[in-house]
Structure formats: C-alpha cells, structure tokens
Amino acid sequence: MDFSFTDEQMMFKDQVIRFATKEIVPRSREHDLMGEFDFQSFRKLGEFGILGLHFPEDLGGSDADVVTTTLAGEALGEAGVDGGLNLAYGAHTFLCADTIFAHGTDAQREKYVPKLCSGELIGCMGLTEPGAGSDVASMTTHAQKREDGYVLNGNKMFITNGPIADVAVVYAKTDKEQKHAGISAFIVEKDTPGFSAGKNLNKMGVRSSHTSELIFDDCKIPKENLIGREGAGFLMAMQTVEWDRSALMAPFVGGMTYVLKRCIGYAKERHQFGRPIYQYQAIKHKLADIKIFIEASRALVYRIAWSKDQGRLLNHLEAAVAKLFIGDWSLGPANDAVTLHGGYGYCHEYDVERAFRDGRLAPIGGGTSEIAKQIITKLI
Amino acid sequence: MNIIVCLKQVPDTETQIKVASDSKSIVTDDVKWVMNPYDEFGVEEALRLKEKFGGEVTVVGLGPKRVTESIRTALAMGADKGILISDDALEGSDSLAVAKALAAAIKELEYDLIFTGQRGVDDDLGIVGAACAELLGIPQMSIIVKVEVAEDGKTVKVTRPVEGENLVIESSLPALITTQKGLNEPRYASLPGIMKAKKKPLEEKTLSDLGLDAAGFGEGGRKMKIVELTPPPARAAGKIVEGETPQEKAAELAKLLHDEAKVI
Ligand SMILES: Cc1cc2nc3c(=O)[nH]c(=O)nc-3n(C[C@H](O)[C@H](O)[C@H](O)COP(=O)(O)OP(=O)(O)OC[C@H]3O[C@@H](n4cnc5c(N)ncnc54)[C@H](O)[C@@H]3O)c2cc1C
Ligand SMILES: Cc1cc2nc3c(=O)[nH]c(=O)nc-3n(C[C@H](O)[C@H](O)[C@H](O)COP(=O)(O)OP(=O)(O)OC[C@H]3O[C@@H](n4cnc5c(N)ncnc54)[C@H](O)[C@@H]3O)c2cc1C
C-alpha cells in the first residue's frame, strides 16, 4: 500500500490551487449569489486543461491518471471554488464527455471530446426524469427507431448544465417493454429541432450551476448519434454514476478543507469572554470533527481513484460507501462551521453558509443516500 | 536566442513572517517556499521570446536543495534546462556574493539575454541583478515592464516607468533586464508541462565546480551585515472624522492631516 502522491502530483495540485485562487475564486461568491453560470471561469478551466485531464492527449486531454484527476477536483474545492462551478465541471467532464469517450465510436470521440476538453462545447447528461429518479429504469422518454435515425419524445429533469449545454448525453428507452435492458444512450446537439431546455431552476445550493428540464418533442436525431449499441444504456449510466459518486465528490472534500481553513482563521481571531474562541473546547471539537470528516472522505475517494488506475473500472460498493459517507456525514461539520462563525457564519461573505448549502446536494444528486444504502446492502 | 533566468526561492507572500530569537533571521519552520514572483515574470518573458525566436531558456537558481522544486516549476512552465548552485558555504551569503556565484555559473553559458527580478520579495534589496551585470560586463536595464527584441535578434528596446512617464531604453545584446510587475501574466504549469519537466536536465554545481573560493561566501564573506530585524509596528486604529455637515467634516479632516498626520 502506498498512500503518497508523487512530486509531480503535488506540484500540479499546487498549480491548480494557485490558478483557481487567482482566476476563479474572486468571482465565485458573486456567481453563487446571483445564481449565474461563470462562463469565463469555465473557459479558463478548459484552457488550463482541467476539463479533459484524464482523456488522451490526441483528443485534447492530458493523459492524467484518475488519482491526479481526482486531486485536481480536490484542489478546486480547497482553493474555495463554489460547488456550483465544480458541479458544472463534473457533469460536463465525467457525466457527458467521459461517456462519449468510453463508449462512443472514433468519429463521435473526435467530433466531441476535443471541444469538450477545451470548453468550447459545454456538455450535460440526462438520466433523471420528472417521474423517474431513484427508480431510473422506469423512465418513459422514448427513442423510436426510424430508417434514418431515432425520434425522441419525453422529458428529463434536474439536468446540470441543461440550459447552457451544447451537447447532451441522453438516456431513453428503445424498447418500452423492457426495464434496464431497454435503455439506450444518445448524443443530442443543442440546435436539434424538437429539443429544448427548460428555464434554470432556483436552487438552495450549487447555485452557479444551471439546472433544468430537457424537453424532447418529436426530436429527430441521426442514427450515428446512438452511443454504443441499443440496450446498453443502463450499463453506461451505471458507469457514469460511479464517477458521480467518486471523482465528482472530490471538490466537496476539498471544499471542506477550505472551510476548515476559514474556521481556524476565524476562531483564532475572534475573541469572546476575553480570549480567542479557538481556546474553548467546544470550538476545538468542531474543528477536530471537520478534520476527521476530511481525512475519512479523502481515504474513500482516493481509494476508488487508485482502484480505477489499477484497472478495476467499476467499484460500485466503494463508490456507494464514499457517496453516502460524504453526502450524509459532511452535513454535521458544515453545520458546525456556520455555528462557529456565529452571526457572521449566517452571512454570505464568509463562504461557510455557501458550503453548507452546496453540500446539501451530496445526499441527493447521483443517487440518494437511501439508494446508496440499498446498493451497499445488496452487495455485502 | 538563448535566455537565462535567475531564480530565487522566497517565503510565500501569504506566510506570516516571525522574527527568530537571534533578532537577525526569520523562523523558517512553517514557511512555504515559492519562486520569487518577479522571477516568474522573467520565466514568462523568456518563454515568450523563445516561442518567437527559438533557442533555449536556462534557469539558474541558488540556495539549498529545496530550490530544486522552484526550478522544476520553471521547467514545467516551459524552460529547457536548470542549474542549481548549492553549497553549504553559501549559507548566509549577502547579495554581492550571490551575484558572484550566479555570474560565475552564467559565464560558462551562451546567452543573449538574462532576466532577474528587480528585487526578491524577502530582503527587498534589489542588488543581485545590477551586480551580476557588472560582473559579466554587460548592460543592465532595471525595473522593466515591456521588452521588445528587434526582429534580427541583435538589440532590445525596453520600457521603464518613471514617475508616471515611460522611459524607453535601447541596448545591444547580450544584456541583463530586471523585471517589474506588469511585464506579463505568468502562465501556470499544466499537467503535461509538469510531466515533461521530469525529464529535463537539472544540474547541480558547488562553488568549487565554478572555480570559486568558498572563503568569499557565507556569513564570513558578508560585506553587508544585518544588525537587527524588527516586525513593523502594529497599526494604530483608524479614526472616524466627526462633524454635522460635509463642510465641518472636511475642515476637521484638513486639521487632522495638518496637525496630526503632518502630511499637508
Ligand atoms: C442540483 C441537482 C443536479 C442534478 N443533476 C443531474 C444531472 O445532471 N443529470 C441527471 O440525470 N440527474 C441529475 N439530478 C437528479 C438526481 O440524480 C435525482 O434528483 C436523484 O437521483 C433523486 O431522484 P428524485 O429527485 O426523483 O427523487 P425520488 O427518487 O423521487 O426520491 C424521493 C425520496 O424517496 C426516497 N426513495 C426513493 N425510492 C426509495 C426506496 N426504494 N427506498 C427508500 N427510499 C426511497 C429517496 O431516497 C428520496 O429521499 C440532479 C439533481 C439535483 C438536485
Ligand atoms: C440573521 C440574524 C439576526 C440577528 N438579529 C439580532 C437582533 O435583532 N438583535 C441583536 O441584538 N442581535 C441579533 N443577532 C445577533 C445574534 O444574537 C448573535 O449573532 C449571536 O448571539 C452570536 O453572537 P456572535 O455572532 O457575536 O458570535 P460569537 O459570540 O462570536 O460566537 C462565535 C462562536 O463561538 C462560540 N463561543 C463563544 N463563546 C464561547 C464560549 N465561552 N465557549 C464555547 N463557545 C463559545 C459560539 O457558540 C459560536 O459558535 C442576529 C444574528 C443574525 C445572524
């Protein structure tokens, strides 16, 4: 067992933190407050290579392993980038681009992956429906086969980057009679007639990411837009969701390191009853709890990243554990961070209330905690 | 065009500096060491010139082994080669001694331009660049915010801000330029850049490798002695100017500026 990062990985993490601190973080607070997507920062993530880290260099990526990719996500959070932009990046890279890369044809890869890596195109992924969330195999969006392609009808719900995406990976039933085995994955481009996105939903957290419905109304797509083969969509979705439950969690974990740093700084500076509140045991325990959460989460997330680098592509049990732990157990420490800041913690400027709101998504998105427990109990 | 960039490692500007118990040095235990920000401008400018004219960028650093990390960062940004001058006898050297060692290392190389920072953000002395140019017998242009090398690569035109105006200086090459904020926006090292840097040559040299006598270096060789380091005095609390009307407030402010602050 080797828990160390290489010098190159540490240097890269340091560069990501410097980059994010200077180029992105000064814009995070405002974009969260206004609920606006930060196109400029997203483009910069592309220019710096973050959006395509784990893809091959000839497709516009950096040939990074999964550990390094995960480290970059953690670094974004650690620098203080808001959860909204981090989620937008995660959905774009892991839920959209990775599916095209992993299961698409050479033509599909060459057409989309380089432009997704650079940020020239923004990607999203549509799996959830208004009536099918946890029970996703009950989806009703239908892809009817015609001679020259497919006609999509139905709605997707809660789609990150939905209103701003240029490319969507969409899951739909090619065989209505079947559950899992009837699902196929498709690429749908923004301007395809019959395809539209709803308006951005006003959310509690991750506010700078835009979330909407995707609407398909007799939307015709060419047959080249099928990803992989018909009926293989559910397996792809599960592979996607595994990213959702591991690498995509890294910015949350890094975000807690940022929160801890804010808390330590504040507790040392803030005096009540004649001394810094840092000296009170009640405060020390809060800081310790946050650190415990961070250490445990890092171990879970990097274990999955490492395992992927060893060639074990699917780690459903570990991913469900990581997702559940990070989702449910971050809420206590995030809550403590707000309390520790007293009245200031409740105000926007201190960033801790944002972390609290952003973190609240973790037990819902990518499969709820209840579903994670179902998976865990099925696999033990 | 071959370019040399001198690199110093300094405490990260965010580090809380604490004076050590000897009152002559700082506590280095918790210090995060980074490339001097002015040297980053030098690396960036050198890389831009290389992209235009071709040639090689060599980074020359001096200090303990940890300086390797900053040289690697410069290599990851795109520099071609690194040299670290490292010798226990260098510990405690003053700026002149540092310039002597750098000049000795640079003398062995082919170069058209040398960049140094206009100062290190640690000691803020601003001596090394000028001293190095003197020792090498080449022109020196300091505190530069714009560098234009002629198409034929034989001369350089630089801009130095002076009291809100610009002084434009032209020089033959080789020459030494000290960098000022505003020269450029240094790039970040990308992951592919970092991976490539691993394989780039990084040579280590001692004083004797450079043909220098250790006696002229270190604490003993200092021409300039540090007498005492003191932290800046704690800033006094601000004052809110009182008054019923804007006129009253303005009058009060003028009085304070004249009588107390003594600035008008
Ligand atoms: C901000 C945000 C971004 C999102 N981004 C995307 C995206 O990009 N793409 C995408 O496809 N989806 C996305 N989602 C959707 C997300 O994956 C779903 O919200 C999630 O899977 C839950 O589905 P649901 O909302 O339909 O809840 P439901 O499935 O209706 O669940 C409601 C409650 O019932 C519980 N429950 C359901 N079934 C069971 C059971 N059998 N036993 C016990 N409890 C059960 C759940 O745990 C939950 O507490 C996003 C959601 C949000 C909030
Ligand atoms: C939206 C809002 C509305 C408000 N409205 C009003 C109002 O109308 N009128 C009004 O007067 N006030 C108001 N308040 C102020 C509120 O009562 C204070 O914020 C609260 O009492 C906490 O004080 P503080 O913010 O100074 O935090 P601090 O007292 O600085 O506390 C910071 C942290 O240190 C902890 N701490 C402090 N001392 C100790 C100790 N000895 N041992 C252990 N832990 C300690 C606290 O529990 C907290 O976690 C409001 C606050 C908010 C956020």
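The model is predicted, so local features are given only where pLDDT is at least 70 and side-chain atom pairs only at pLDDT 80 or more, while totals for chains, interfaces and linings use all residues. Residues are numbered from 1 along each chain as its sequence is written, and chains are lettered from A and ligands numbered from 1 in the order in which they are written.

Begin by selecting chain B, where the assignment gives domain 1 (3-221) and domain 2 (236-264); such bounds come from an automatic or database domain assignment. Taken over C-alpha atoms, the centres of these two domains of chain B are 46 Å apart.

Next, select the open sheet of seven strands in chain B, whose order is β7-β11-β6-β1-β4-β5-β12 with parallel pairing. Strands (E, at least two residues) and helices (H or I, at least four) are DSSP runs numbered from the N terminus, and two strands pair if DSSP finds at least two bridges between them. At the edges stand β7 (140-144) and β12 (202-205) of chain B, each with a single partner strand, so one side of each has no neighbour in the sheet. Within the sheet, β6 (113-117) and β11 (175-179) of chain B run parallel and are joined by five bridges, and Gly117(B) has Thr179(B) in β11(B) as its bridge partner.

Two residues count as in contact if their C-beta atoms, placed from the backbone, lie within 7 Å. Helix α4 (128-136) of chain B also packs on the sheet, touching β6, β7 and β11 of chain B.

A further selection in chain B is the open sheet of three strands, ordered β8-β9-β10 with antiparallel pairing. Its edge strands are β8 (146-149) and β10 (165-172) of chain B, each pairing on one side only. Four bridges pair β8(B) with β9 (155-162) of chain B, and Val147(B) stands opposite Val158(B) in β9(B).

Then show both chains: the contact takes eleven residues from chain B and 13 residues from chain A. On the side of chain B that touches chain A, α5(B) gives the most, with four residues.

Finally, select ligand 2, whose surroundings include Arg270(A), Phe273(A), Tyr280(A) and Tyr346(A); a residue is near a molecule if its C-beta atom, placed from the backbone, lies within 6 Å of it. Helices α9 (281-309), α11 (331-340) and α12 (342-345) of chain A each supply at least two residues of this shell.

Technical notes: Axes fitted to C-alpha atoms, helices over the stretch in contact; angles between N-to-C directions.
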